[in-house]
Amino acid sequence: VYEFGSTMKAITMASALDSGAVKPSTTYNDKGSLTIDSKTISNFEGKARGVVPMQEVLRQSLNVGIGFIVQTMGTKVLRDYFERFGITEETGIDLPSEASPLVTNLESPRTMEYITAGYGQGVAITPMAMTRALAALANHGQVPQPHIGLMLRYPGGLTKELGWSPPRSAI
């Protein structure tokens, strides 16, 4: 499992847009840093941007913008969307020994834990789980069930067709 960092921002933004917490036209005042729960986060170089639209949060990879989004959306909504995108579970891919995600920060009462999760720190998932979540963005919000093939062939001629689960909706 890995902390995917800013790659997670796309999932957070999609969640905020789908929930109605923000619109593409929404702006916020970026001061370069944000203090919540007595902890401070900042943009990668600490510079303030002033009034910023949502597209710039992704384009410039702004941690403070994600902080604004998570506060606006609320921690419960973010957690619900992360669950819907499959961030909090194994993918169920038909390979042995899939690693479980490390997402206990999403059980915290502290808002800062959700903000850092929103920009991909403090939670760790497998590359397959991130691929599946991002695939949902390109698949009209449908979270696909990953598979490695159509059929398993065992020595001795035994075969097993792999079942295909229908995708579930994330947004």
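Two reminders about the source. This is a predicted model, in which local features need pLDDT of at least 70 and side-chain atom pairs count only at pLDDT 80 or more, while totals for chains, interfaces and linings use all residues. Residues are numbered from 1 along each chain as its sequence is written, and side-chain values use heavy atoms, with hydrogens and water left out.

**Overall layout**

I counted elements as DSSP runs numbered from the N terminus, with helices being H or I of at least four residues and strands E of at least two. The protein has six helices and eight strands. Along the sequence I read α-β-β-β-β-α-α-α-α-α-β-β-β-β. The C-alpha atoms fill a box of roughly 65 × 30 × 25 Å along the principal axes. Of the 171 residues, 39% count as buried. For contacts I used heavy atoms within 4.5 Å. Among contacts with a separation of 6 or more, 66% come from residues 24 or more positions apart.

**Helix pairs**

I describe two packed helices by the angle between their axes and the distance between the axes. Axes here are lines fitted to C-alpha atoms, for helices over the stretch in contact, and angles run from 0 to 180 degrees between N-to-C directions.

I looked up α1 (residues 8–19) against α3 (residues 63–73): they pack at about 35°, axes 10 Å apart. Their crossing is left-handed, meaning the near helix is turned anticlockwise from the far one by less than a right angle (clockwise would be right-handed). On the α1 side I found Lys 9, Thr 12, Met 13, Ser 15, Ala 16 and Ser 19, meeting Asn 63, Ile 66, Ile 69, Val 70 and Met 73 of α3. By class this contact has six nonpolar, four polar and one charged residues. My classes: Ala, Val, Leu, Ile, Met, Phe, Trp, Tyr, Cys and Pro are nonpolar, Asp, Glu, Lys and Arg charged, and the others, Gly among them, polar.

Next came α4 (residues 75–84) with α5 (residues 111–118), at about 40° and with axes 10 Å apart. That angle makes α4 oblique to α5; under 35 degrees counts as roughly parallel, over 145 as roughly antiparallel, 65 to 115 as roughly perpendicular, and the rest as oblique. The α4 and α5 crossing is left-handed. Thr 75, Leu 78, Arg 79 and Phe 82 of α4 make the contact with Thr 111, Tyr 114, Ala 117 and Gly 118 of α5. These divide into four nonpolar, three polar and one charged.

**Core**

A nonpolar core is a set of buried Ala, Val, Leu, Ile, Met, Phe, Trp, Tyr and Cys residues joined through side-chain atoms within 4.5 Å. The largest one has 39 residues, and those with the most contacts inside it are Met 8, Ile 69, Phe 82, Phe 85, Ile 87 and Ile 115. Two or more residues each come from α1, β2 (33–36), α2 (54–59), α3, α4, α5 and α6 (127–138). I checked Met 8: beyond four places in sequence, its contacts include Phe 82, Ile 87, Ala 117, Val 123 and Met 130.

**α5 and what follows**

How many of the residues of α5 are buried? Seven of the eight are, and they pack against α1, β2, β3 (39–42), α3 and α4. Tyr 119, in the loop between α5 and α6, counts as buried because its relative accessibility is 6%. Leaving out residues up to four places away, Tyr 119 touches Gly 5, Ser 6, Met 8, Lys 9, Ile 41, Asn 63 and Ile 66.

**A buried arginine**

Arg 132 sits in α6. Is Arg 132 buried or exposed? I put it down as buried, because its relative accessibility is 3%. Beyond four places in sequence, the contacts of Arg 132 include Phe 85, Glu 89, Glu 90, Pro 144 and Arg 168.

**Positive phi serines**

Most residues other than glycine have a negative phi. Ser 38 has a phi near 60° and lies in the loop between β2 and β3. Ser 97 also has a phi near 60°, and its loop is the one between α4 and α5. Ser 38 is exposed, at 68% relative accessible area.

How values were computed. Buried means under 20% relative accessible area, exposed over 50%, partly exposed in between (1.4 Å probe, protein chains only).
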